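Visitor: Please show me the model. I would like to go through it by question and answer.
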Amino acid sequence: TGTSASDPDLVRLQALANLAAPDTERVTASVDRLRAAAAKVQGHAGTSASEARSLAELLESALHVQGAHPDGETCPVCGTDEVLTSTWTIEATAKIAELRAVSAEVSAADGELAQALTTARNLPSPPSIALVEPPSGVDTTNLLAAWNSWANPDLVADGTPSTAAALADHLESKVQPLAELVPAVREQAEAEREGRQDRWRPVAEKIAAWLEGAREAQAYRSQAKLLKAAADWVVAESVTVRAARFKPIADQVKTVWEQLRHDSNVSVEDLALGGSKTHRRLNLSVSVDDTAAAGLGVLSQGELHALSLALFLPRATHNESPFRFVLIDDPVQALDAARVDGLARVLQKVAKTRQVVVFTHDERLPDACRRLDVAARVLEVSRQEHSQLTIRSMAHPSERYLEDAKAIASSDPYPIEVRRRVVPGLCRQALEAVSVDLGRRKLLAKGAPFADVETQVSGLGTLFTHLAFGLFGDSGHKEVYLRLETLAPKLNPVDLVKQLNKGTHEAVDTNPHDVVNDTAALVKVLQEKA
């Protein structure tokens, strides 16, 4: 295969596996012929036939000299004059023909010996390169030595019977040991080649299987380029389509963020879907004071929470969403009061097309809904003994405190002294709750910063400061009692406030039911007139 041809080791293994030993029968026949020819030449030595040939050769040489000097008749050997005459030439030529006829047998024997020598000399060939430089796993030492001895270049027969006989003896004595060593080397090479094939066959089979597909792929290479171009177009178009489909959501995210950001100096500039396959991401571009900034790294915890809501709500309320409701768990977490108001407005808009259910322990969202006149049903879920749940509707925290106060006032199992101590505290909390709500409304309506309003709320301590905050938007205002008397002269509100303050710290001799009813009436007056 192409692999074998490119690997010298495998080529030599193949050569050794196919190595042919010298043909002993051919060598024997050649040796026998050589010996027979040499014996025939040796048999003519010293005979008249041999001498006739020698004399013919001598006369031919003399004729050659005489031919070169046609005018000379002196013998160049003995110097005798008038010897090499024309008559001599005629006689010598006739003599040569006679002698050549007699020496034909000798010439024929010499020709046979020359042919036999040529054949014999061509029998040994040089050792193969595979023997000289064998592949790993095959030992050719003994065979190479025998082969070099068999093809000995120093043993040359010069044509004489003696050297011909020596060559015959050499060929005959070396061929059999050489022929006997070849099979063992051939078997080693074949075993090594098979072993390598066994090791590589699984790989070769896999490559062969791959090549079939590779050839087919190569045949479709031009089509693959077109398919690649089409795939690239699809990817590019999918990015465009995805961006177009995501744009309405991105626009809604920015709109919601504007409602939730309040005083934040972070603006959401752009949102885009990035990544590919299973590695998708949202690329968020923001700016701080109109200067580009690095995504989420510049947002506070509250801003991150607000942004997560801004990202969630448009996606959850998308037209293609199969869900027609939104469940949110504690979205007020880490939001300041201003952002809570923004969230209430956002949820009011979402509630036009979706049922919105919010779970929270924070009173600020229900307060914001009431203050902003956002239609919302507030339910309080309480867990009683044995995990029994009770659910009641809540319109305002003050109502919850009054309901608790009324329930305790009507609980006969509790001693009257206990009820007189607990009821005033609950009623005071009802007044404080309505006062905080009224104060917030007043200040925010005037455009006061949310942070400043919440600072005042967190600093309220006594019932008097709560009422001052609710009536005037200023916890330090001193005309609280005068204002209460003006708003509710028939309720004697000043005495009620003092009674609630005192009842919070010690028992007072009052009817708990009267305290609850008077407080409820004052709360109603404050909600309607303050």
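Visitor: Is phenylalanine 325 buried, partly exposed or exposed?
Guide: This is a predicted model, where local features need pLDDT of at least 70, side-chain atom pairs count only at pLDDT 80 or more, and totals for chains, interfaces and linings use all residues. Residues are numbered from 1 along each chain as its sequence is written, and side-chain values use heavy atoms, with hydrogens and water left out. Buried means under 20% relative accessible area, exposed over 50%, and partly exposed in between (1.4 Å probe, protein chains only). Phenylalanine 325 has a relative accessible area of 40%, so the class is partly exposed.

Visitor: Which residues does phenylalanine 325 touch, leaving out those up to four places away in sequence?
Guide: Phenylalanine 325 lies in strand S4, residues 325-329. Strands (E, at least two residues) and helices (H or I, at least four) are DSSP runs, numbered from the N terminus. Contact means heavy atoms within 4.5 Å. On that basis the partners are Arg354 and Gln355.

Visitor: How far apart are the end C-alpha atoms of helix H10?
Guide: Helix H10 covers residues 301-316, 16 residues in total. The expected span is 1.5 Å times one less than the number of residues. That should give 22 Å, and the model agrees: the end C-alpha atoms are separated by 22 Å.

Visitor: What do the buried residues of H10 pack against?
Guide: The buried residues of H10 include Gly302, Glu303, His305 and Leu309. Their packing partners are helix H9 (221-261), strand S1 (266-276), strand S2 (279-288), S4 and helix H11 (337-350).

Visitor: Which residues touch the most other members of the largest nonpolar core?
Guide: A nonpolar core is a set of buried Ala, Val, Leu, Ile, Met, Phe, Trp, Tyr and Cys residues joined through side-chain atoms within 4.5 Å. The largest one has 36 residues. The members with the most such contacts are Leu16, Leu34, Leu113, Leu143, Trp147, Trp150 and Leu171.

Visitor: Which helix supplies the largest share of this core?
Guide: Several helices each supply at least two residues, among them H2 (8-17), H3 (24-44), H5 (86-122) and H8 (161-219). The largest share is nine residues, and the helix supplying them is H8.

Visitor: Why is helix H12 called largely enclosed, and what is the count of its buried residues?
Guide: Helix H12 runs over residues 364-371. Its buried residues include Leu365, Asp367 and Cys369. Their cover includes H11, strand S5 (355-359) and strand S6 (378-383). H12 is largely enclosed by the rest of the structure because the buried count is seven of the eight.

Visitor: What is the phi of aspartate 373?
Guide: Aspartate 373 sits in the loop between H12 and S6. At a relative accessible area of 64%, this residue is exposed. Phi is positive in a residue other than glycine, with a value near 55 degrees.

Visitor: What is the phi of aspartate 330?
Guide: Aspartate 330 belongs to the loop between S4 and H11. Its relative accessibility is 23%, so it counts as partly exposed. It is not a glycine, yet phi is positive, at about 50 degrees.

Visitor: Which residues touch serine 435, not counting those up to four places away in sequence?
Guide: Serine 435 is found in helix H14. With a relative accessible area of 1%, serine 435 is buried. The contacts are His466, Leu467, Phe469 and Gly470.

Visitor: Which glutamate meets arginine 35 in a salt bridge?
Guide: A salt bridge is a side-chain nitrogen of Lys or Arg within 4 Å of a carboxyl oxygen of Asp or Glu. The structure holds 27 of them. For arginine 35 the N to O distance is 2.8 Å, and the partner is glutamate 172.

Visitor: Are arginine 400 and glutamate 380 buried or exposed?
Guide: Their side chains meet in a salt bridge at 3.3 Å, N to O. Arginine 400 lies in helix H13 and glutamate 380 in strand S6, so the pair ties together parts 20 residues apart in sequence. Both residues are buried.

Visitor: Which helices hold arginine 440 and glutamate 454?
Guide: These two form a salt bridge, with the closest N and O atoms 2.9 Å apart. Arginine 440 counts as buried at 11% relative accessibility. Glutamate 454 counts as partly exposed at 22%. The pair ties together parts that are 14 residues apart in sequence, because arginine 440 lies in helix H14 and glutamate 454 in helix H15.
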